[in-house]
Amino acid sequence: MLPALRSAGSACLVMMLAAGPARGAQLSASSEADSLHRQALALLANNRVEERRVAMRFLERAALLAPNHLDHQLALAQVYYRMGFLKQARQRFERAGQLAPGNAAAQLGLGEVWRRDYLKYLDKASLGRAVTHFHGAADLAPADAEPWLKLAPLQLEQNDLTGAFLSAERSLAADPERAEALLAVAHLSFRLGRVERADSAFRLAIPRLPALARARFDDIAPVASEADTARLRRLSAPEQVEFRRRFWRENDPDPVTPENEAQLEYWSRVSQAYFLYFNPRRREWDERGEYYVRYGPPESAIYNPVGSRLSFSFQTGPGYPMNALVWSYPGLGMTVTMEDRLLSEFYLPPITRDPPVGREPNPAVLAARDDVLPTRGGRGVFPLLPPGARRLPVDGVLARFEAGSGPQLLAFLEAAGEPGDTLWAEWVVLDTARHELARGRRDLAPSPCDPVARRAAEFASVLPPGDYIAGLSVRDPRGGRGVFRAPIRIEPPPRTLSLSDVLVACGAPQVEGPGPEPSVRLQANPGARVAGADPLTVYFETYHLRPGGDGRSRFELEYTVHSAARDRRVWIQRLLAPRPEIPAISAIRREEQAGTLRRQYVSIPIQGLPLGRYRLEIRVRDLVAAVEALRTVEFEKVDATGS
């Protein structure tokens, strides 16, 4: 029997030897590829450049030895992506997708590649491909939060607000504990105008973020003045919290609401910049993130525009290539150039010996806009209304008067509205610590200036001397909102001659009640517009006139109307073709009365003046005390239609 066994064993050995070379080579190649893969992963764990290069070579060899092995292709694609070899990464992710059409990781990787390509070249086609692949990954792995989270900010770049919000919600549903998913929901809620939900979601998400990311939301340096930033850094931690609270309260577009729309806008911008421009290896974002959080997305962006400088050099030596990116904000009167001098997709400010020009908002452009609120120095600019709000144009004016109980601040608000419309207004007054000192609410009534087409409201509060911010907000049931806010200083009441603010009116005030000091109901014209052939009417009060020996006060009233139109032409045009001056209108009259208080209503004919802006100067001279006081107010003459 032994010879038979030997014979059978010999036959098997012969068969194994015959098949061995091919199968053995295959097993050897697969085993070597697996070994190289394991070694590469160990090297990558150290996260050093040289070791990444060795790991890349190991994985290239592994993919060559086992070209149909999915894990080798994915690992190599991810290393290529980390090292910036986007074309090679794309090819490997595509190969992985061919090997396993249902593999979500391959789709996610392709989304990352095209996302990075879009951020570099600003190619909308690349943006579309990134969205397509992230969608593919999300469809293949709907319970994975990552592809939904990657998808949301890119859909916002496509102006697909609804889709972006739904992706953020899907990300949060997939991982309710993930702070970035809640952050995306807050961010997209605000962009959709869901202010209350955004506010609550941000306040839940931000404290749960990693410390480095959380610091971005707390940091006000990008939008605060350099003086404020320097002062903030010298404060203790509790004092910094209070400083930031005051900063945001001071820059709240609508102080009436419990939410701070400027802070929510800032947080929303920080979220998008964090999702798009934050570099985890550098632990920061570049110049793109800096300008995005200050001013929002640019109206246009160009990569390496024709005629731009695409190289730089030191004082001596050769030139080095670089990429340039130009962001334009025509609505702010500025254009920002950024430079990628290391070709690493990390943009920095240009190197120049001259002071930067045009990288900050143009003050004249900002002054001409009534829909934005700039922070001090124009370091940040925020819209007055949150996204999606329907704007109600409003006119507002503040006026300071003296009352028996102390200085009184009056606020007048007017908005378009027919008699059947329901409009209501609220106001709030903030002190220097940005705490509330006054608040009120009332329905708008027919305007004394135009009871058919306008609605108006009036608020008043007695306040101690100090610096304040007064905010007025009007709303309608259809989601319309209008905002008026302004700083105001109330001086201590003087004991010598003084004037109240001059208030442009639409008619004589209504005097109610008997006695030497009856109540006065003013017919305020908050827009300070005088139409057609109407006269200019104003109301003001004179305080602390000195009576003479006979108990009567004697004073002289002088008014002068000057043109306040600004010639915005360049200086050479103003020099070569000066515009004719508009003659001033002036009049003087003397009066006397009993008592120290004078309530004055003045009507000034201005039919002969052309349309435009004017400044009225009111000067009162106390002829007994030989002192005088001056107040001014600006108004606009418009045509008979009011435009």
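## Residues with positive phi

At 46% relative accessibility, Leu343 counts as partly exposed; buried means under 20% relative accessible area, exposed over 50%, and partly exposed in between, with a 1.4 Å probe and protein chains only. The model is predicted, so local features need pLDDT of at least 70 and side-chain atom pairs count only at pLDDT 80 or more, while totals for chains, interfaces and linings use all residues. Residues are numbered from 1 along each chain as its sequence is written, and side-chain values use heavy atoms, with hydrogens and water left out.

Leu343 is not a glycine, yet has a positive phi of about 55°. Its place is in the loop between strand S7 (334-340) and helix H16 (363-367). Helices (H or I, at least four residues) and strands (E, at least two) are DSSP runs, numbered from the N terminus. Ala626, also not a glycine, has a positive phi of about 60°. The loop that holds Ala626 runs between strand S28 (612-622) and strand S29 (627-638). At 68% relative accessibility, Ala626 counts as exposed. Most residues other than glycine have a negative phi.

## Disulfide

The structure holds 1 disulfide, a term used for a pair of cysteine sulfur atoms within 2.5 Å. The pair is Cys449 and Cys506, with sulfur atoms 1.8 Å apart. Distant parts of the chain are linked by this pair, 57 residues apart. Cys449 is in the loop between strand S15 (445-446) and strand S16 (454-462), and Cys506 is in the loop between strand S20 (503-505) and strand S21 (510-512).

The angle about the S-S bond is -40°, and the link of Cys449 and Cys506 is left-handed. Cys449 is partly exposed, with a relative accessible area of 30%. Cys506 is also partly exposed, with a relative accessible area of 30%.

## Glu458 in strand S16

Glu458 is placed in strand S16. With a relative accessible area of 23%, Glu458 is partly exposed. Ala411 is 47 residues from Glu458 in sequence, and their C-alpha atoms are 5.7 Å apart in space. Not counting residues up to four places away in sequence, Glu458 touches Leu410, Ala411, Phe412, Arg442, Arg521 and Leu522; contact means heavy atoms within 4.5 Å.

## Packing of helices H8 and H9

Helix H8 (residues 161-174) and helix H9 (residues 179-191) pack at an angle of about 155°, and their axes are 8 Å apart. Axes are lines fitted to C-alpha atoms, for helices over the stretch in contact, and angles run from 0 to 180 degrees between N-to-C directions. H8 and H9 are therefore roughly antiparallel to each other, the term for angles over 145 degrees; those under 35 count as roughly parallel, 65 to 115 as roughly perpendicular and the rest as oblique.

On the H8 side, the contact is made by Leu161, Ala164, Phe165, Ala168, Glu169, Ser171 and Leu172. H9 contributes Ala181, Leu182, Ala184, Val185, Leu188, Ser189 and Arg191. By class, the contact of H8 with H9 has 10 nonpolar, 2 polar and 2 charged residues. Ala, Val, Leu, Ile, Met, Phe, Trp, Tyr, Cys and Pro count as nonpolar, Asp, Glu, Lys and Arg as charged, and the others, Gly among them, as polar.

## Asp34 in helix H1

Asp34 is in helix H1 (residues 2-44) and, at 27% relative accessibility, counts as partly exposed. Leaving aside neighbours within four places in sequence, Asp34 is in contact with His69 and His72.
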